[in-house]
Amino acid sequence: MAQIAAEAARPGMTLTAPVLDRRGRLLIPEGCEISERHVRALRTWGIDHIEIEGPDGQVAEPLDLDPETVELATAEVDRRMGANDPEHPLIVALHAHAVRRGAERLHARTEAHR
């Protein structure tokens, strides 16, 4: 299941899964085309990720992030998680997830300024 950072959402994208709040209430139904209002609401609601269709109706692939963006995200995660045991399996998984998510956010901010 491919997901993108909610910050990367753009009008015209189509959801392949419903957007739910933290209590499981439906915010945006599956199959809905995202509008500018939805993009603003995702930020307001604190939604981290959404699932969207690609241009040909296929589920979108995860972002192909450039090495510089991943490096910046890794440095930030390392700074924040420096007191943790880097060998612990949970910390390894959490670190990888945090780097990916941080890189997606940096990518989304960069794309928004273009």
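Some ground rules to begin with. The model is predicted, so local features need pLDDT of at least 70 and side-chain atom pairs count only at pLDDT 80 or more, while totals for chains, interfaces and linings use all residues. Residues are numbered from 1 along each chain as its sequence is written, and side-chain values use heavy atoms, with hydrogens and water left out.

The fold, then. The protein has three helices and four strands, where helices (H or I, at least four residues) and strands (E, at least two) are DSSP runs numbered from the N terminus. Along the sequence the order is β-β-β-α-β-α-α.

Next, burial. Of the 114 residues, 32% are buried; buried means under 20% relative accessible area, exposed over 50%, and partly exposed in between, with a 1.4 Å probe and protein chains only.

Now the cores. A nonpolar core is a set of buried Ala, Val, Leu, Ile, Met, Phe, Trp, Tyr and Cys residues joined through side-chain atoms within 4.5 Å. The largest has 15 residues, and Leu 15, Val 19, Ile 34, Leu 42 and Ile 50 touch the most other members. Beyond its neighbours within four places in sequence, Ile 34 contacts Leu 15, Val 39, Ile 50 and Ile 52, among others. A second, separate core has seven residues, including Leu 65, Ala 73, Val 77 and Ala 103.

Is Val 77 buried or exposed? Val 77 counts as buried because its relative accessibility is 8%. Val 77 sits in helix 2 and, leaving out residues up to four places away in sequence, touches His 95, Ala 98 and Val 99. Val 77 and Val 99 are 22 residues apart along the chain, with their C-alpha atoms 6.2 Å apart.

His 38 belongs to helix 1, residues 36-45. His 38 is also buried, at 15% relative accessible area, and touches Ile 28, Cys 32 and Glu 33, again not counting residues up to four places away.

Last, Asp 64, in the loop between strand 4 (49-50) and helix 2 (67-81). Asp 64 counts as exposed because its relative accessibility is 74%. Asp 64 and Glu 104 are 40 residues apart in sequence, and 9.3 Å apart from C-alpha to C-alpha.

Conventions
Contact means heavy atoms within 4.5 Å.
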